[in-house]
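User: Please walk me through the cavities, pockets and surface patches of this protein. I am new to it.

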Amino acid sequence: MDLMEGSRRSLLPGHLYTSSSAHSLSLDGLLSKAQTSFAPPLSNGTPKPSSFVIPAPSEPGKIQMYSPAFYAACTAGGILSCGLTHMAVTPLDLVKCNMQIDPAKYKSISSGFGVLLKEQGVRGFFRGWVPTLIGYSAQGACKFGFYEFFKKYYSDLAGPEFAVKYKTLIYLAGSASAEVIADVALCPMEAVKVRVQTQPGFARGLSDGLPKFVRSEGALGLYKGLVPLWGRQIPYTMMKFATFETIVEMIYKYSIPRPKSECSNSLQLGVSFGGGYIAGVFCAIVSHPADNLVSFLNNAKGATVGDAVKKLGLWGLFTRGLPLRIVMIGTLTGAQWGIYDAFKVFVGLPTTGGVAPAAPATELAGKAAA
């Protein structure tokens, strides 16, 4: 037995079966040393268990990056950022929709508010707030949650080198993919919202407006505006995310003299709001023609894109209600990024965006050789 045992032991590296007197070379000893060397000590000198959680800028991270909990947190942040902000700007949205549908009656922003106040009172400014809250909460959940997912997914497909080189394309592809899903969630509530807001007497809100809409046009009628909604929201969201990421990167790179990790949370959230506001202006311009189409199609039963172009004209399609929408979308988008990143900081995650990582060494070496 001693001979057989010695033969088996001779096939293994010596340090795996060293006696306890040489524990520093044993497997347990190596693991213990590794844990101690990679874990910072606690205040009492005791080694802290190792962790792969990425920390937030100013406190230890509570959520592991790209884990299910991370995507759940981004989804919750999206619900808060989109649902609350869209509900808050319901009066602006209501005037904007009516200016698009009935320009003869709602000739300007000021006269539009005056007409609404005279005909419907103060309560009329918040007509349709329930479908707005529900619809845009669902949209925000999908928009932000799936954007983070697709951004990581496409970056992994591209690999480290191309993920840095083509980061803007990844932002565009990730946001477009997310918005396709988000609009499916939004479309039914958007249809009811527009009908309630632009047809006085149609319904008081969601509870009676949704059944009445379905009785009138069927369940599929709720998705009549899906294609124009994609036409409005996909370019909007691509601009929203890609422009935001680019602007925030430029702010940290050129305007702030210290690394993002050394900036206070309030400064980082200020950058998020400012970057979001600028991105929102571009979003409004790019998506406005489709926004006019969505309002027109959801207002009239059986209306077509051709009818909208004929009535509004190409110039009207691009410009009607645009100044108000720039103010509304700029404020809205800035507030959304501010709320979203504030929620991320609250749960221990870093804010969105910043200076892009340096190109991998392989790429730099290739350029030097060339």
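This is a predicted model: local features need pLDDT of at least 70, side-chain atom pairs count only at pLDDT 80 or more; totals for chains, interfaces and linings use all residues.

User: How many cavities of 30 Å³ or more does a search of the whole structure find?

Analyst: The search covers the whole structure and counts cavities of 30 Å³ or more. The largest cavity has a volume of about 180 Å³. Its lining has 22 residues, and H86, Y136, R232, M328 and I329 are the closest to its centre. The number of cavities found is 1.

User: Which helix gives the largest share of the lining of the largest cavity?

Analyst: Several helices each supply at least two lining residues, among them α3 (68-88), α9 (226-255) and α12 (322-346). By class, the lining has 8 nonpolar, 5 polar and 9 charged residues. The largest share is 5 residues, and it comes from α12.

User: What is the volume of the second largest pocket?

Analyst: Residues lining this pocket include Q120, R123, W129, R204 and L206. The lining divides into 4 nonpolar, 4 polar and 3 charged residues. The volume of the second largest pocket is about 240 Å³.

User: Which helix supplies the largest share of the nonpolar patch?

Analyst: F146, F149, Y153, L157, V180 and I181 make a nonpolar surface patch of about 510 Å². Both α6 (129-165) and α7 (167-198) supply at least two of its residues. The largest share, 4 residues, comes from α6.

User: Is Y153 buried, partly exposed or exposed?

Analyst: Y153 lies in helix α6. The relative accessible area of Y153 is 41%. Buried means under 20% and exposed means over 50%, so a value in between is called partly exposed. Y153 is therefore partly exposed.

Notes: Residues are numbered from 1 along each chain as its sequence is written. Side-chain values use heavy atoms; hydrogens and water are left out. On a 1 Å grid over the protein atoms alone, a cavity is a set of points where a 1.4 Å probe fits but cannot get out, and a pocket is an open set with protein on both sides within 12 Å along at least five of seven lines; lining residues have an atom within 4 Å of a point. Grid points are joined across faces, edges and corners, and a volume is the space filled by probe spheres set on the points. Ala, Val, Leu, Ile, Met, Phe, Trp, Tyr, Cys and Pro count as nonpolar, Asp, Glu, Lys and Arg as charged, and the others, Gly among them, as polar. Patches are made of residues with over 30% relative accessible area and no salt bridge: like charges are joined within 9 Å, nonpolar side chains (Val, Leu, Ile, Met, Phe, Trp, Tyr) within 5 Å. Accessible areas come from the Shrake-Rupley method with a 1.4 Å probe; for residues, only the protein chains shown count as cover. A salt bridge is a side-chain nitrogen of Lys or Arg within 4 Å of a carboxyl oxygen of Asp or Glu. Buried means under 20% relative accessible area, exposed over 50%, partly exposed in between (1.4 Å probe, protein chains only).
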